[in-house]
Amino acid sequence: MKEEKTEAARLKEQLFRKNEPFQKTCTAEEDAAADAFCEGYKRFITEAKTERECAAWIKAAAESHGFVPFDPAAQYSAGDKVYLLQRNKAVILCVIGSADLCEGTRIVASHIDAPRLDLKPTPLYEQDELAYFKTHYYGGIRKYQWAAIPLSLHGVFVKKDGATVTVRIGEDAGDPQYVITDLLPHLAKEQSQRTLADGIKGEELNLLIGSRPFKADDESELVKLNILKLLNEKYGVTEDDFLSAELEIVPAFPAVDIGFDRSMIGAYGHDDRVCAYPAMEALFALDGTPTHTCLAVLTDKEEIGSMGNTGLESAYLRDFIADLAAMQGVPLRRVLHNSRCLSADVNAGFDPTFPQVHDKHNAAFLNHGAVITKYTGARGKSGTSDANAEFLSQIRAAFDAEGVCWQIGEMGKVDEGGGGTVAMFLANMDIEVVDLGVPVLSMHAPFELVAKADVYSTFKACLALYHN
Ligand code: MN
Ligand code: MN
C-alpha cells in the first residue's frame, strides 16, 4: 500500500524552493549534449589564451557562420549577421531582429581577457649569466601560484613601420616553454615566514628565458645577446621593438577533463571565456531571425576595471548601438532603455575545503547550473549594479520556460571580500542587466575548474535571453 505523504511533506513541496543539480533534472540527451558542447569549449580555450587570440578565434567562427564586418553606412534588415572587431581585442557579434529597434536589444556581455603576466616595456635582462623577462601582472592574481609551472609567450610586436609580428611560443609539441623559479624548501626558511600574499613578490615574477651565451668572448651580457639574436632571426625584431609590443605570459597547459567521471574541466582562463563561448555559441544557434536584435559582446579589460578603449567603460558598445539606431532612425536612448542584458561572468563556486568564506544558503554549487548573481560589489553593495526585481522576474520566467538549470548565489560571505563585473557599465547606459554565469573553483588561478553541466546551462541561459 502506498504511503500517504504527510501534510508537512506536501506543503514543503508546494512552498520550498528546489535547488536541484543538473543531473537530477536533465534528460539523458541533455547530459550528452552538455558533454559534446564542452568538447568545443575545450578546443576554444586551448587554442585561444589571450584576448587577441580569442578575438581572432571569434571573428573566424563568426565568419564561418555567415557574419560580415559591420559597415555603419550600410542598411541592414532582419536576419542579417554582422560583427565589429574593436582594435583586435574585443568583438561585438550582432543578429538583426525583426522587431523595431525601439523595443530594445538582447545582449550577452562577457569578457575575454584573463589574469596573466604582461612583459614590461623594457623586459629583457641578464643576471648572473641567466636571461629573463621582467613582468607586470595583469588582473588579480595570487602571485605564488605562478612560480614553478610551465608558461608560454603570446602576443604581438608592432614594428615602427606598422608591420605586426605575431608570437605564440610554448603551445605546440616541441616548442620550448618558460618558467618563474621558486626557492627549494631546504633554503626557504625566511621566505616561508612571509605572508601568502608575499610568497612570491611582484618583482620576483621574473621569467627565465635562456642560459646559453652567444660566444665565449670577453663581451658582457652574452646570454641576453644570444636571446636577441634568436628573436631577430625569427621575428626580425630588436630590443627597441619591445616598446611597441603586447606580450603576455600564460600557463602552457591545455584544457583537460577532471575527475574519474570527466564531469569537470580544468584550464587556464575559464574566467571569463567559459561565458564568452556560450554567449557566442547561443547566437550561432539562433533558429531563423530573432524577434529582438541580439548581441554577444566579447569584451576586453574587465580584469582591470574595464578601463581602456577595448573595455566596456569606453564608448564602443554604445556607439555600435547608436549606429544601429541611426540606421533605423530611432532615438538611441529608447533602444538602450528597452534593452535587456545578461552580464555573463563567473561566480565563486562553493568549495567544501574552504567552506568558511561562503554563506551556504547563498552560495553557488557546482553542477547546479548557471548562477544568477543579483549584485556583486563589496561591503554594503559598494560598486555594483543591483539588478531590478522586475527584471529578475522576467529572467526567471524565461529560464524556467526554456528549461534552463539555474541557481542564485552571492560571491562569498558579506564582508569576506568582493568583486565586480561589467554589469554596472551596462546599467549606467540604462540597460536592464543582471549577472549570470558559471561557478568556478580556484578562480583566477593558473588552472581553474568548472563543471560541464554549468557551462552547458549557461549556453541555454544565453539562448533564453536571446529568445525573450
Ligand atoms: Mn570575470
Ligand atoms: Mn575575474
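Which spacing do the donors of the manganese ion (ligand 1) follow along the chain? I looked this up first.

I note that this is a predicted model, where local features need pLDDT of at least 70, side-chain atom pairs count only at pLDDT 80 or more, and totals for chains, interfaces and linings use all residues. Residues are numbered from 1 along each chain as its sequence is written, chains are lettered from A and ligands numbered from 1 in the order written, and side-chain values use heavy atoms, without hydrogens and water.

**Entry: the metal site**

I found the spacing H-x159-D-x73-D. The protein donors of the manganese ion (ligand 1) are His-111 (NE2), Asp-271 (OD), Asp-345 (OD) and Asp-345 (OD), at 2.1 to 2.6 Å. Donors here are N, O and S atoms within 2.8 Å of the metal (3.2 Å for Na, K and Ca); water is not among the atoms, so sites may look incomplete. His-111 lies in strand S4 (residues 105–111) and Asp-345 in the loop between strands S15 (340–344) and S16 (347–348), so the pair ties together parts 234 residues apart in sequence. Helices (H or I, at least four residues) and strands (E, at least two) are DSSP runs, numbered from the N terminus.

I then checked burial. Buried means under 20% relative accessible area, exposed over 50%, partly exposed in between (1.4 Å probe, protein chains only). His-111 is buried at 1%, and Asp-345 is buried at 7%.

**Entry: Asp-271**

I placed Asp-271 in helix H6 (residues 270–284). Asp-271 bridges the manganese ions (ligand 1) and (ligand 2), which lie 3.4 Å apart.
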